[in-house]
Amino acid sequence: MAFHQFDYILAIAIIFAFLDAFNIGANDVANSFSSSVSSRSLKYWQAMILAAICEFLGAVLVGKRVSDTIRKKILSTDAFADDPTVLMLGMAIALVGSSLWLSFATTIGMPVSTTHSIIGAVIGVGIAARGADNVIWGWSGFAQIVASWFIAPCIAGAFASIVFLIAKFGVLEIKEEKKSIRNALFLIPILVFITFCVLTMLIVWKGSPKLNLDDLSTGATVGSIFGVGGVAMIVYMAFIFPVVSRKIAHNDWTIKWYDVFRGPVYWFKPLDQIPPMPEGHQITIDYYEGRRIVEKAHDGDVSEVDTKENAAKESVNSLGSVSSAGKETETTRQKWWRLLKAGPKKWPYLLWLMVSHGFTKDVISLQTNAKGMLAGNIKNVHAKSKFYNNKVEYLFSLLQAITACTMSFAHGANDIANASGPLSTVYLVWNEQGLKDTPPIWILCFTGASLVLGVWMFGYKIMSVLGNKMILQSPSRGFAIEFGAAITVVMATQLAIPVSTTQCAVGATVFVGLCNKDLKGVNWRMVTWCYLGWFITLPVAGLISGILMGIIINAPRLGVEYVPQ
């Protein structure tokens, strides 16, 4: 029988779990797709569709194990055995503190760790309710998690830099275009195999709440990992490889994206049937558009070759827009308010405009045209990096979409615990179930859907802070960054350690930037801004939750004498 006298605590927990998951989407999911959007491998709307699918599936299918880590490895639940409702209240307050801080950080454009936030909040309520002695400070709890915050960026950076250096010296910096393309066509199927093996490791090692994948034998596990990777590579070679090879290596300008569905046909299609390419036609887009540097001025600044983006006068922000003619147009908030006052018939359209709010933003323009102390001189930062062949970058752009989805799936599996873990504890206590019981699947679905809503509406805010504002982005660099971060998150998930995907992504980005052999190729102001957010998140979230918890449990009660524990 449930504690119905505490229904309001469950309701509060559900509301703030929604807000916490919403901000995880708005603040954290940018780590998965920032590089893809910044390098032009994916358009923003494409990234949002993929993010919705991968984040939700990751959260629902394999998000249970790390949820248990958040619920059990920070506080000693034995300290609440005599009064589990205090634990229920504490987890609800932890969601309040974490979500309030994340909302503020997202508003000011600070990429913080949502993992830091909820752990700090849980520690805060634990100290307020039972004292510091009941927080698991040792290696089996808090210390292990803190260590992962420092180790994870280095591990992600190491993997990312290794992958990028292989691509750099084996493909990108080969001067002869034909040889460079040939090497890329040889390398990418291998990377496809490895990437899908990593994704399969995540699914098989963690298992699904509906499937007993943990019971698989070692042979079956190894077979499934390499089997899926092998099948993915075969599919790539059969359908995608002949199409991209014909387009890039042989300049077949007639190739369309949907030709991959009849890819095997192109293995046998004669090359002499390729019509002459029209004058001025480009096989691929320019992945460096708006960021190409041609000369240094006497004062040390640099100028751009590509003025297309700079010539555009339209500047879109969260408050509204200004037209190219300089006339003020209706702001976003004014439009929302007008539709709200128009009556219920306009509300479905208003709801869609709010949900798809981020789709209207030009993320690359927000990154490259940024001004202020944090932005520094972005053009000088980009000038320290090399600009590689667009044809070769195109091959990596196809692969980058896969790594972005892998990273997104891993993020959904790992970081959904920051909202679902505390909510699961509240629900299990409210329903008078043991904390060792498996929480219902609806909690993962609810928090997963909230996360997707957050990234759709406000993911652009943090995405515009990362990407090109930290280093020069391109598909080859973005692939290395995403792969390094993804494999680190997969390793941490296997160990049931809720690492910060923010730190993994930033660490991988910095290491790839350092592969230019120039410290000035990284915007250290932005890196410092990120680290500042990480360092203050845990104590701030802990203070908010601890103060709220202390006030509530020590508040005077009419006719009741409170005896401190």
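Which residues do ring pairs link into a cluster with F22? Select F18, F22, F446 and F458 together, for these are the residues that ring pairs link into one cluster. The model on the screen is predicted, and every value in this tour is computed from it.

**First stop: the aromatic pair**

Now colour the two helices concerned: F22 belongs to helix α1 (residues 7–28), whereas F458 belongs to helix α17 (residues 441–463), so the pair ties together parts that lie 436 residues apart in sequence. With a surface displayed, compare the two partners. F22 counts as buried, at 12% relative accessibility, because the limit for buried is under 20%. F458 has a relative accessible area of 24% and is partly exposed. In the model as a whole, the count of aromatic pairs comes to 16.

**Second stop: helix α17 and helix α12**

Two packed helices are described by the angle between their axes and the distance between the axes. For α12 and α17, the angle is about 80 degrees and the axes are 7 Å apart. The two helices are therefore roughly perpendicular to each other. Next, show the side chains where they meet: W352, M354 and V355 from α12, and L453, W456 and M457 from α17. By class, this contact has six nonpolar residues, with no polar and no charged ones.

Apart from neighbours within four places in sequence, Y349 is in contact with K335 and L339. Draw a line between the C-alpha atoms of Y349 and L339: the distance is 8.2 Å, and the two residues are 10 apart in sequence.

**Last stop: S408**

Finally, select S408 in helix α15, which covers residues 390–415. With a relative accessible area of 0%, S408 is buried. Which side chain does S408 join through a polar contact? Display E55 to find the partner: the side chains of S408 and E55 are joined by a polar contact of 3.0 Å.

Terms used: Residues are numbered from 1 along each chain as its sequence is written. This is a predicted model: local features need pLDDT of at least 70, side-chain atom pairs count only at pLDDT 80 or more; totals for chains, interfaces and linings use all residues. Side-chain values use heavy atoms; hydrogens and water are left out. Rings of Phe, Tyr and Trp (its six-membered ring) pair if their centres lie within 6.5 Å; planes under 30 degrees apart count as stacked, over 60 as edge-to-face and the rest as tilted. Helices (H or I, at least four residues) and strands (E, at least two) are DSSP runs, numbered from the N terminus. Buried means under 20% relative accessible area, exposed over 50%, partly exposed in between (1.4 Å probe, protein chains only). A polar contact is a pair of N or O atoms within 3.5 Å; within protein, one must be able to donate a hydrogen and the other to accept it, and residues adjacent in sequence count only if both atoms are side-chain atoms. Contact means heavy atoms within 4.5 Å. Axes are lines fitted to C-alpha atoms, for helices over the stretch in contact, and angles run from 0 to 180 degrees between N-to-C directions. Angles under 35 degrees count as roughly parallel, over 145 as roughly antiparallel, 65 to 115 as roughly perpendicular and the rest as oblique. Ala, Val, Leu, Ile, Met, Phe, Trp, Tyr, Cys and Pro count as nonpolar, Asp, Glu, Lys and Arg as charged, and the others, Gly among them, as polar.
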